[in-house]
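This report describes selected features of the structure shown below. Please keep the sequence and the model in view while reading.

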Amino acid sequence: MTRFNLDPRLMVALLALAGWQWWRWRRAQGPADGRNAAGRLALAGWGVAAAAFMSPLCALSVSLFSARIAQHMVLVLIAAPLIAYGLPMQRSGRGWPVWGSALVFFFSLWFWHMPLPYEATFSSVTWYWCMHLCLFGGAIWLWRELLHPARRLVAVSLIAGALTSMQMGMLGAFIALASHPLYRWHLTTTASWGMTPLEDQQLGGALMWVPGIALFLWVAVRSVSRVWASLDRPRIA
């Protein structure tokens with residue numbers, strides 16, 4: 001509980017990113033109430049990200065696979081959507097950013113949770129931060145497209161959110177239901193915490209499986225409600 005990551009480079013990077021978004025939010029156009037709410041949510045998201053990177057959870061993720069997954073879920077499912085909510089709404093009406101963000105997140109999630117890339121992050125600082133930049137950055141981009149779609153892309157965001165929910169649930173289920181430990185790094189690190197490597201892995205898979213499906217399905221339902229509202233809205237001749 002005393003292992004905080006107080007790397008000054010990390011703190012400067014997080015403060016710079018939060019400051020840049022605050023500056024963008026202050027210069028954005030639109031009703032003040034809406035901008036204030038989005039700005040507060042974005043700053044809260046950066047606070048959550050700082051907690052994930054700097055709290056003892058980060059140190060615990062070296063020993064427990066489930067702690068590493070918990071850290072990833074905090075970043076992907078809490079910090080990223082809060083930050084993305086404060087980003088500008090898409091107005092181009094093009095579908096490629098939605099599919100591009102979904103594909104980037106898909107490949108990042110599966111690649112970095114495969115045994116070899118995952119284990120490489122424990123022996124290389126560069127690989128470690130590449131993993132987090134890919135996962136966290138990809139999640140922010142994806143949530144920005146899912147939470148702020150152009151009106152003509154609501155159905156596209158619905159499909160992308162549903163597919164993301166499915167693929168994230170599949171990966172979590174694959175990890176949780178595996179009959180043997182997949183990650184050699186944790187074969188000798190879990191006993192001190194009263195868990196076998198397989199139990200630790202099963203808990204980590206469940207943490208990815210259930211919350212990931214729930215949140216992305218909520219976004220899909222939100223998209224359906226927006227489509228329904230647009231259909232019910234009376235047209236003006």
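**Tyr85**

Tyr85 counts as partly exposed because its relative accessibility is 34%, where buried means under 20% relative accessible area, exposed over 50% and partly exposed in between, with a 1.4 Å probe and protein chains only. Tyr85 belongs to helix α4 (residues 65–85); helices are DSSP runs of H or I with at least four residues, numbered from the N terminus. Neighbours within four places in sequence aside, Tyr85 contacts Ala38, Leu41, Leu147 and His148, contact meaning heavy atoms within 4.5 Å.

**Basis of the model**

The model is predicted: local features need pLDDT of at least 70 and side-chain atom pairs pLDDT 80 or more, while totals for chains, interfaces and linings use all residues. Residues are numbered from 1 along each chain as its sequence is written, and side-chain values use heavy atoms, leaving out hydrogens and water.

**Aromatic pairs**

The count of aromatic pairs is 13; rings of Phe, Tyr and Trp (its six-membered ring) pair if their centres lie within 6.5 Å, and planes under 30 degrees apart count as stacked, over 60 as edge-to-face and the rest as tilted. Trp46 and Phe136 form an edge-to-face pair, 6.1 Å centre to centre with 85° between the planes. This pair links distant parts of the chain, with Trp46 in helix α2 (residues 32–54) and Phe136 in helix α7, 90 residues apart. Trp46 is buried at 10% relative accessible area, and Phe136 is buried at 9%.

How values were computed. Helices (H or I, at least four residues) and strands (E, at least two) are DSSP runs, numbered from the N terminus.
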